[in-house]
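Trainee: Could you take me through the salt bridges of this predicted model, with a close look at which side chains pair up and how exposed they are?

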Amino acid sequence: MRRIALVTLVVDDYDEAVRFYTGALGFHLVEDTPRPDGSRWVVVEPGSEAAGTGLLLARAKDEAQRASVGDQTGGRVGFFLHTDDFARDHARMTAAGVTFLEEPRHEPYGTVAVFQDLYGNRWDLLQPAG
């Protein structure tokens, strides 16, 4: 079996990113390990540890990386968070201060709304149809 295990997300600060992803989005902190160079190996996942792809939260190390924080996909939706209960997660995320950029809409493929993370990266919250 092959799968994408991690996707790197460049962030300004480890702790603020962990608070956002575990608090506002309800992700689980899977690992937070200090590294000899002063960086950390920080992994969060949206579901249980066996649920699939996680995010490696990587602190920007230089000006080029800092410039990409919040715009890692050129303003496009770059991340897709699937849910089995759109209304529940939308309400919880809204109450936690997550910024949705549109009202929920019903498409042939499911119920969806675009939101942004704490840095401005765009995400779809999506409950697939059927």
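Mentor: Let us begin with Asp 32, whose relative accessible area is 32%, so that Asp 32 falls between the 20% and 50% cut-offs and is partly exposed. Its partner in a salt bridge is Arg 40, with 2.8 Å between the closest N and O atoms, and Arg 40, at a relative accessibility of 22%, is likewise counted as partly exposed.

A second pair is formed by Asp 37 and Lys 61, whose side chains meet in a salt bridge with an N to O distance of 3.8 Å. Because Asp 37 sits in the loop between β2 (28-34) and β3 (40-45), while Lys 61 sits in the loop between β4 (54-59) and α2 (63-68), this pair ties together parts of the chain that lie 24 residues apart in sequence. Both of these residues, Asp 37 and Lys 61, are exposed.

A further salt bridge joins Asp 84 to Arg 88, and here the closest N and O atoms are 3.0 Å apart. Asp 84 has a relative accessibility of 62%, which is over 50%, and therefore counts as exposed, whereas Arg 88, with a relative accessible area of 43%, is partly exposed.

Returning to the pair we started with, Asp 32 and Arg 40 belong, together with Asp 15, to one network joined by salt bridges that share partners. The bridges described here are among the 8 salt bridges that the structure holds.

Definitions and conventions: Residues are numbered from 1 along each chain as its sequence is written. This is a predicted model: local features need pLDDT of at least 70, side-chain atom pairs count only at pLDDT 80 or more; totals for chains, interfaces and linings use all residues. Side-chain values use heavy atoms; hydrogens and water are left out. A salt bridge is a side-chain nitrogen of Lys or Arg within 4 Å of a carboxyl oxygen of Asp or Glu. Buried means under 20% relative accessible area, exposed over 50%, partly exposed in between (1.4 Å probe, protein chains only). Helices (H or I, at least four residues) and strands (E, at least two) are DSSP runs, numbered from the N terminus.
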